[in-house]
Amino acid sequence: MVGLRPRSLVRRAEGSRVKIKLDTSGLGQSRWYEFLLRFAFGGVVTALAGLIAKRFGPEIGGLFLAFPAIFPATATLIEKHEKQKKERAGKSGMERGRTAAGVDAAGAAIGSIGLAAFALVVWLRLPASRTSVALIGATLAWFVTSVSVWEFRETLWRRARIRRLHALNRPPHDGVHHNAVHHGRSANRRSHE
Amino acid sequence: MVGGIVVSAFALLGDLLKPKTFAGLFGAAPSVALATIVLTVMKQGKEYVSVEARSMLLGSLAFFLYASVVSRLLMRRKLSLLPVTSLAIGLWLVCALGLWYAVQRVAG
């Protein structure tokens with residue numbers, strides 16, 4: 001279900017591991033009003049979740065604790081930044097911006113599995129534990145689950161890439177290497193940001 | 001105020017991390033939940049929040065469907081971002097309420 005096809009966004013050597021990096025260069029692209037927008041969105045959604053719970057009860061209100069309200073705003077900002085980056089290089093950034101937002105959404109789908117783990121821990125542990133302990137445990141459960149599922153998917157993706165590469169490198173029956181082998185390799189090279 | 005701070009903090013972390021699929025995990029961070037739960041425990045108590053968390057489990061399944069559909073539409077169908085991300089909110093709503101209704105029916 002998760003449409004993880006980074007395509008042109010994935011630039012990495014075939015079969016190599018993806019390294020998680022902390023990159024502060026992206027911060028320079030963000031304007032002050034973009035931070036303000038997220039802050040306002042966060043505040044509004046939190047207040048809204050509380051109001052819905054008050055009006056319709058905790059069973060309906062609880063659904064909105066996993067409401068993706070902030071997602072459209074975040075995806076729009078990602079698309080805008082990627083588009084600007086490409087346009088600065090003199091190219092059209094429309095396609096790249098959209099793909100970047102799509103890749104981000106695929107990551108969010110994985111994160112939502114962690115969100116379910118968070119909810120499960122709060123549901124089962126909060127009544128018998130201190131609030132701080134239950135919330136720290138639940139946040140850790142979100143992080144560990146999300147990262148584990150992400151790592152698992154990366155491993156599957158890497159193995160599939162290696163298999164594809166081996167299939168391309170296998171010599172044809174007449175024993176002569178075909179040019180398509182080399183074309184295939186470069187066509188399969190992907191870039192990761 | 002608390003909601004804004006927690007959401008901004010997780011969004012900022014997402015901005016700093018690479019690759020993009022990993023940063024995307026933070027798009028489904030429990031930011032709204034953390035802020036709401038802290039405030040609700042103080043006002044309504046732990047049992048109330050526990051019931052909310054049970055429903056949140058269904059909401060997160062709807063979130064999974066939402067994010068998967070958005071990702072697929074953006075990458076395969078090449079549709080415009082804002083209409084896709086906004087209209088799919090309706091899908092989340094239908095899915096979350098549908099799951100909640102189904103659970104109510106099964107639980108009797």
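## A walk through the two chains, from helix H5 of chain B

Just beyond the end of H5(B), B:Gly108 adopts a positive phi of about 85°.

What does this helix pack against? The buried residues of H5(B) are B:Leu81, B:Val84, B:Thr85, B:Ala88, B:Ile89, B:Trp92, B:Cys95 and B:Ala96, and they pack against H2, helix H3 (71-88) and helix H4 (94-125) of chain A, together with H4 of chain B.

The partner within chain B can be described in some detail. Two packed helices are described by the angle between their axes and the distance between those axes. For helix H4 (residues 46-77) and helix H5 (residues 81-107) of chain B, the axes come within 8 Å and cross at roughly 150°, and the crossing of H4(B) with H5(B) is right-handed. On the H4(B) side the residues that meet H5(B) include B:Ser55, B:Leu58, B:Gly59, B:Phe63, B:Tyr66 and B:Leu74, while on the H5(B) side those that meet H4(B) include B:Leu81, B:Thr85, B:Trp92, B:Leu99, B:Trp100 and B:Val103. Sorted by class, this contact of H4(B) with H5(B) has 21 nonpolar and 3 polar residues, with no charged residues.

Taken along the principal axes, the C-alpha atoms of chain B fill a box of roughly 45 × 35 × 20 Å. Of the 108 residues in chain B, 54% are buried, and among the contacts in chain B with a separation of 6 or more, 49% are between residues 24 or more positions apart.

Chain A has 6 helices and 3 strands, which follow one another along the sequence as β-β-α-α-α-α-α-α-β. Buried residues make up 47% of its 193 residues, and residues 24 or more positions apart account for 69% of the contacts in chain A with a separation of 6 or more.

A:Gly61 lies in helix H2 (residues 58-63) of chain A, and because its relative accessibility is 0%, A:Gly61 counts as buried. Leaving aside neighbours within four places in sequence, A:Gly61 is in contact with A:Ile52 and A:Ala53 and, from the other chain, with B:Glu52. A:Arg98, by contrast, is 37 residues away from A:Gly61 in sequence and 32 Å away in space, C-alpha to C-alpha.

Chain A averages a pLDDT of 78, with 76% of the residues scoring at least 70. Among its elements, H2(A) has the highest mean pLDDT, 93, whereas strand E3 (residues 190-191) has the lowest, 40. Over residues 3-13 of chain A the pLDDT is below 50, although this stretch has 43 contacts in the model beyond near neighbours in sequence. Over residues 175-193 of chain A the pLDDT likewise stays under 50, and here the model has 44 contacts beyond four places in sequence. Where pLDDT is low, the predicted coordinates should not be read in detail.

Technical notes
Residues are numbered from 1 along each chain as its sequence is written. Chains are lettered from A and ligands numbered from 1 in the order in which they are written. This is a predicted model: local features need pLDDT of at least 70, side-chain atom pairs count only at pLDDT 80 or more; totals for chains, interfaces and linings use all residues. Side-chain values use heavy atoms; hydrogens and water are left out. Axes are lines fitted to C-alpha atoms, for helices over the stretch in contact, and angles run from 0 to 180 degrees between N-to-C directions. Helices (H or I, at least four residues) and strands (E, at least two) are DSSP runs, numbered from the N terminus. A crossing is left-handed if the near helix is turned anticlockwise from the far one by less than a right angle, and right-handed if clockwise. Contact means heavy atoms within 4.5 Å. Ala, Val, Leu, Ile, Met, Phe, Trp, Tyr, Cys and Pro count as nonpolar, Asp, Glu, Lys and Arg as charged, and the others, Gly among them, as polar. Buried means under 20% relative accessible area, exposed over 50%, partly exposed in between (1.4 Å probe, protein chains only). pLDDT is the predictor's confidence in each residue, from 0 to 100.
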